[in-house]
Amino acid sequence: MSTRVPIRLSVNGREHELEVEPRLLLVHLLRDRLGLTGTHVGCDTSNCGACTVHLDGEAVKSCTVLAVQADGAEVTTIEGLAAAGDGLHPLQAAFWEDHALQCGYCTPGMIMAAADLLARNPDPSEEEIRSGLEGNLCRCTGYHNIVRAVRDAAAELRAARAGAPTPEVV
Amino acid sequence: MIPPEFDYAAPDTLDGALQALADGGEEAKPLAGGHSLLPLMKLRLAAPTLLVDLRRVPGLRGAERENGSWRIGALTRHADLQSRAELGVIGETTALIADQQVRNRGTIGGSLAHGDPASDLPTVLLAAEGTVTVRGPGGIRELAAADLFRDYLTTAIAPGEIVTEVRMPALEGWGHAYEKFSRRAEDWAMVGVCALVRRAPDGSCADVRVGLTNMGATPLRASAVERSLRGGPLDREAIARAAEQAAEGTDPPGDLNATPDYKRHLARVLTRRALQRAAEA
Amino acid sequence: MGAPGAEAAEREMPGGNGYVGRALKRKEDPRLITGRATYVDDMVLPGMLHAAIVRSPEAHARIASIDVSAAAERPGIEAVFTGADLDGVAAPCPMVWAPPGVEVHVPDHWPLAKGKVGYVGQAVAVVLGDDKYAVVDAAEQVLVDYEPLPVVVDPEAALRDDAPVIHDQFGTNKVFEWSLAGGDLDAAFAEADVVMERRVVNHRTAGAAIEPRGALAEWREGRLTLRSSTQIPHIARVILSIQLGLSEERIRVIAPEVGGGFGSKLQVYGEEVLVAWCARRTGRPVKWTATRSDDMATTHHGRDQIDYVRIGATREGRLTGIHARVIQDCGAYHLIEGPVIPTFTSCVISGVYDFAAVRTDVIGVFTNKFTTDAIRGAGRPEATHLIEVCIDQLADELGIDRLELRRRNFIRDFPNERPHGFVYDSGDYDGTLDRCLELLDLDGFRREQEELRNDPVHPVYRGVGFSTYVEICGLGPSRALGPDGWGMQGGYFESAQVRVLPTGSVMVYTGTSPHGQGLETSFAQIVADRLGLAPDAVEVIHGDTDSGPFGKDTYGSRSLSVGGEAIARAAQKVQEKAKRIVAHKLEAAPEDIEVSDGAFRVKGSPEQAMSLAEVATEAYIPADLPDGMEAGLDELSFYDPDNFVWPFGAHACVTEVDPETGRVEIVRWIAVDDCGPAINPKLIDGQVHGGAVHAIGQALYERIAYDDDGQLVTGTFVDYGLPTAAEVPSFETARTETPSPTNSLGVKGVGEAATIAATPAIVNSVIDALRPLGVTYLDMPLTPERVWDAIQEARR
């Protein structure tokens with residue numbers, strides 16, 4: 001039995017101290033130890049992106065990160081995307097408005113990946129959105145409405161930035 | 001999906017990391033971004049007994065220009081290099097690796113140390129004639145790209161050694177192009193070609209380097225192509241003629257996506273396209 | 001910004017004002033976009049054990065011995081079981097198709113192999129323990145001694161006399177032979193000037209829902225509760241009852257949130273029976289979740305047909321007859337209904353064309369691969385692909401324009417009885433094709449195609465391909481499908497219960513089991529209109545066999561046309577009772593009461609009205625009901641349709657092919673589909689987008705491949721290439737609305753339609769692009785190498 005490792009990390013703004021097996025995957029820490037089951041597992045080869053979360057502000061596939069590698073880090077999952085007290089992040093609202101989800105399984109990862117995309121590129125073209133989401137698989141929607149939702153959310157976020165100061169968004 | 005058990009250390013100095021590796025023996029491995037190693041471990045195709053996480057070791061990140069080279073810390077992520085025009089072919093190529101989530105974790109040192117001929121950066125290092133610096137119990141070594149990649153997933157890096165830095169010639173004034181032909185955008189290349197071209201004042205080819213991805217057990221130089229072009233014209237016909245030799249001397253393994261013949265054909269086509277682009281740049 | 005304002009607006013909006021037809025936001029979404037939905041793997045029960053399954057690395061082998069001792073001794077391991085331990089599993093996995101007069105070979109397929117394995121990945125042992133990582137470690141310690149047997153993977157090779165026989169008891173690898181014909185095919189071919197023959201391959205694919213399969217079983221006070229990522233909780237309960245030897249009322253099956261199905265979860269898998277058995281045996285809840293690798297190997301595959309096609313036509317382009325001989329690769333074992341799938345190819349073998357004679361012969365074959373069964377379209381994509389590709393081929397052979405040949409043979413009178421007995425309910429094939437061409441601008445495309453091709457410096461090869469399709473769905477009329485008809489051992493009605501609660505909101509219980517289709521929203525729209533409410537006040541309950549009537553679940557694009565109709569009828573019954581109560585209270589005649597503007601109103605005096613809430617008060621405090629009327633406001637309907645429904649349409653695909661590499665890029669996609677009047681048009685568009693991309697996946701990227709040793713070569717998402725957003729275009733969609741006479745809503749299904757339509761459009765497009773280079777035919781998948789090879793071949 002390998003030696004357990006103490007780690008400390010912040011998840012959705014809350015501090016956690018845990019002891020974990022070195023091999024514990026971050027996605028399993030989030031889902032099984034912290035009960036944050038919004039982050040999903042869809043594959044075992046780092047392709048599908050359903051497990052995408054933000055690690056220190058950037059999108060990563062949490063199935064390919066060890067929990068021990070997140071020691072000292074800040075993690076944001078879908079449950080923490082909307083700032084506390086707010087209803088929905090513009091991406092969540094846009095996905096709803098534009099019917100960018102059907103079964104919902106890929107959706108948390110897709111939204112987290114899209115948030116990272118928009119942080120890097122606040123005004124992406126359709127092509128940039130499509131290639132920006134190449135790390136996330138969806139079997140239901142055919143991506144058409146996902147692309148629209150990301151564009152609509154991008155516009156909303158740009159408008160919010162241009163206008164009043166906004167609550168913290170990723 | 002579940003890796004086998006292993007022990008873990010995350011030292012905060014390079015010496016500490018080296019010591020941990022030495023103590024861990026043959027089955028200890030350094031861990032950078034983990035996006036080459038962890039997928040293998042999750043499929044139980046690799047089972048190191050100890051992972052020495054380098055993330056706390058200072059001084060291994062960043063890209064700095066020094067004389068005619070870029071010094072890039074081994075733990076520099078693809079995301080920190082992607083699309084940066086000043087980094088030339090490195091900036092171009094890192095943007096093509098996998099997807100953004102992977103690029104946010106994968107590192108240049110990790111990718112080169114993994115030694116996968118289907119990865120893009122080994123080819124680029126080889127074509128650019130860069131080097132990697134490794135530290136080990138025996139001290140510091142600099143490994144030229146041509147000596148680094150020995151066989152499939154096998155490099156000249158010895159057990160107990162850690163890549164600390166990558167040096168890429170800045171290749172000022174060279175045109176560059178990386179042509180990557182993959183099934184889907186996020187896939188490894190079926191075949192990839194790195195072309196670097198320096199024009200002489202009269203427009204002819206002063207120098208040229210061509211690297212091939214996934215055409216063998218290691219990245220390869222298309223030397224016949226280089227010989228054919230070097231010192232001669234850089235017009236479309238010359239490039240096309242030279243590119244015809246891209247597969248010379250190669251014996252690419254077939255896989256699910258491509259037979260050896262098709263790979264050889266792709267190598268020729270992509271070499272022509274890469275050279276064309278690099279020559280026009 | 002965000003949801004709350006929108007929700008409030010809709011609550012205020014009065015009902016009875018036509019929610020049906022509006023593109024409302026989905027009621028499902030709030031929990032899904034916030035990560036608060038519960039899928040099977042999200043669930044944890046006290047004392048729960050995790051299961052890891054040991055799977056065969058051999059494609060065909062006798063099991064000489066299994067040594068579980070090392071695994072069982074590991075700390076935290078509760079038990080290890082093999083096939084020999086499975087007493088109390090009363091029956092092997094049943095196959096529910098028994099066509100009258102046709103012998104179908106059904107080998108025993110147990111949840112854990114007994115004595116031999118027939119495919120890579122076959123479950124051989126199960127390890128149970130407290131920790132989900134530890135059971136994986138322990139599973140590696142189970143030692144199985146295999147004695148390999150000869151492997152056969154090619155279905156045509158498996159039919160030869162010298163092929164190794166997989167199941168000795170049958171003496172052959174033939175599973176069954178089945179035919180359906182209509183009209184005089186010999187006469188049709190005799191009268192034809194041309195009889196064209198083609199061999200068309202429709203290769204094996206996977207459903208590849210992003211949520212892998214999983215099941216959680218719990219025994220409590222003599223009852224089994226199984227939570228499973230399934231499309232068929234109701235059917236599963238029946239099957240589990242048979243397999244576990246347990247009376248049905250002691251079983252509850254729940255489909256929680258299910259992350260996609262696409263037919264692959266229209267199944268009762270061995271693992272579901274296994275976790276139930278393990279939970280009973282250990283007295284603890286047991287959860288199993290597939291890894292993606294497990295899932296690729298042992299979630300049923302789809303398609304895998306080789307079709308030998310003959311089509312007869314006169315010189316003038318009148319189609320006379322079509323004959324398809326279908327060789328279906330069934331895999332080594334069956335599950336619930338694999339062998340019936342290719343017979344569905346026969347249903348629409350006519351396509352949209354007025355063939356006088358049709359015939360489909362199906363041969364099912366055993367091979368050492370996993371089971372094939374229903375995957376989106378289930379037999380109809382194969383039919384549409386072979387017809388629509390062959391129509392183009394025939395047009396080129398006859399020298400007739402491909403669209404003209406189609407038009408010359410469109411069925412135009414409806415309902416239309418086909419030679420083999422099926423009745424197409426309604427259609428307007430010209431209408432969808434006209435609209436498609438309007439959007440495309442074919443003349444403009446042809447000009448552009450030529451210009452691009454003739455560019456002296458950089459010729460570019462673009463092509464356009466069409467698919468005019470009809471499909472059969474809305475399963476279905478039980479008499480036609482049932483034991484004396486097609487041979488399915490079940491009925492295909494759908495059930496619905498509409499219950500008005502005392503304070504006036506509504507619960508709807510549907511026997512369908514949606515997993516992404518948006519039925520909580522569309523069903524609410526249907527009920528809202530009939531009862532004068534906003535959809536927000538209508539809660540749709542599904543997926544739990546303990547609540548609501550027995551249903552027939554979701555597949556075969558049936559949920560709206562059968563399930564929705566059942567709901568409409570149940571709501572209608574409630575409406576009628578409500579009207580009688582209102583009439584009684586307002587002293588009017590029931591026929592003078594109408595639902596409008598959010599209430600039940602007297603025609604001509606709308607201010608005389610009662611809300612549903614007021615009606616409910618009367619119904620549940622029944623002090624003053626009409627004579628003889630029971631209390632309550634809760635109605636049930638079982639609806640068995642008289643016919644299937646037949647959605648149709650026209651798709652056009654523009655591709656660009658790089659002749660140097662063979663890479664195919666989709667430049668434009670136009671989809672015009674007709675599934676009758678829309679309940680919620682946004683949901684229809686979503687199904688068209690997703691369905692088309694599913695087909696693009698098969699046509700260009702996806703392939704389940706086994707090597708000659710029966711090893712699954714495409715066993716992960718690295719090698720099984722689902723398209724990403726970067727590989728597919730945006731879609732130009734349009735609809736026509738031709739109501740179906742089959743149900744009162746006039747609706748047809750759409751969940752599979754685009755998948756059925758799309759693959760031939762792509763293949764036809766690439767052939768159109770490469771005709772000038774001499775390429776005349778291509779099979780899927782159109783990998784770059786395959787396309788490039790075809791170009792080289794044509795040049796020789």
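1. In which loop of chain C is C:Glu587 found? The model is a predicted one, and in it C:Glu587 sits in the loop between helix 17 and strand 22 (593-596) of chain C. Its phi is positive, about 55°, although C:Glu587 is not a glycine. With a relative accessible area of 74%, C:Glu587 is exposed.

2. C:Asp553 is another residue other than glycine with a positive phi, here near 70°. The loop that holds C:Asp553 runs between strand 21 (538-541) and helix 17 (559-586) of chain C. Is C:Asp553 buried or exposed? C:Asp553 is buried, as its relative accessible area is 0%.

3. Two cis peptide bonds in chain C deserve a check. One joins C:Phe414 and C:Pro415, with omega about -5°; C:Pro415 belongs to the loop between helix 12 (402-409) and strand 16 (416-417) of chain C. Another joins C:Met780 and C:Pro781, with omega about -15°. C:Pro781 is in the loop between helix 20 and helix 21 (784-795) of chain C.

4. How do helix 19 and helix 20 of chain C cross? The axes of helix 19 (residues 681-701) and helix 20 (residues 753-770) of chain C come within 8 Å, and the crossing angle is roughly 45°. The two helices of chain C, helix 19 and helix 20, are therefore oblique to each other, and the crossing is right-handed. On the side of helix 19 of chain C the contact includes C:Gln687, C:Val688, C:Gly691, C:Ala692 and C:Ala695. Helix 20 of chain C contributes C:Ala754, C:Thr755, C:Ala758, C:Thr759 and C:Ile762. By class, the residues of this contact are nine nonpolar, six polar and no charged.

5. Chain A has a helix pair with an angle of about 125°: helix 2 (residues 90-97) and helix 3 (residues 107-120), whose axes are 10 Å apart. Helix 2 of chain A and helix 3 of chain A are therefore oblique to each other. Their crossing is right-handed. From helix 2 of chain A, A:Leu91, A:Gln92 and A:Phe95 meet A:Thr107, A:Met110, A:Ile111, A:Ala114, A:Ala115 and A:Leu118 in helix 3 of chain A. The contact comprises seven nonpolar, two polar and no charged residues.

6. After helix 1 of chain A comes A:Gly35, with a positive phi near 70°.

7. A:Ser10 is in strand 1 (residues 5-11) of chain A. With a relative accessible area of 8%, A:Ser10 is buried. Leaving aside residues up to four places away in sequence, A:Ser10 touches A:Glu15, A:Ala73, A:Glu74 and A:Val75.

8. C:Glu451 is placed in helix 14 (residues 442-453) of chain C. C:Glu451 is exposed, at a relative accessible area of 59%. From C:Glu451 to C:Tyr461 the separation is 10 residues in sequence and 9.8 Å in space, C-alpha to C-alpha.

9. Chain C contains 21 helices and 28 strands. For its 796 residues a compact globule would have a radius of gyration near 28 Å, and the 28 Å of chain C agrees with that. The C-alpha trace of chain C spans about 90 × 75 × 55 Å along its principal axes. In chain C, 66% of the 796 residues count as buried. Of the contacts in chain C with a separation of 6 or more, 80% are between residues 24 or more positions apart.

10. Chain B contains 11 helices and 14 strands. A compact globule of 281 residues would have a radius of gyration near 19 Å, and chain B, with 19 Å, agrees. Its C-alpha atoms fill a box of roughly 60 × 45 × 30 Å along the principal axes. Buried residues are 60% of the 281 in chain B.

Conventions
Residues numbered from 1 in each chain as written. Chains lettered and ligands numbered in written order. Predicted model: local features only at pLDDT ≥ 70, side-chain atom pairs only at ≥ 80, totals over all residues. Heavy atoms only, no water. Axes fitted to C-alpha atoms, helices over the stretch in contact; angles between N-to-C directions. Helix = DSSP H or I, 4+ residues; strand = E, 2+ residues; numbered from the N terminus. Parallel < 35°, antiparallel > 145°, perpendicular 65-115°, else oblique. Left-handed = near helix turned anticlockwise from the far one by under 90°. Contact = heavy atoms within 4.5 Å. Nonpolar A, V, L, I, M, F, W, Y, C, P; charged D, E, K, R; others polar. Rg over C-alpha atoms; globule rule 2.2 N^0.38 Å. Buried < 20%, exposed > 50% of the residue type's maximum accessible area, 1.4 Å probe, protein only.
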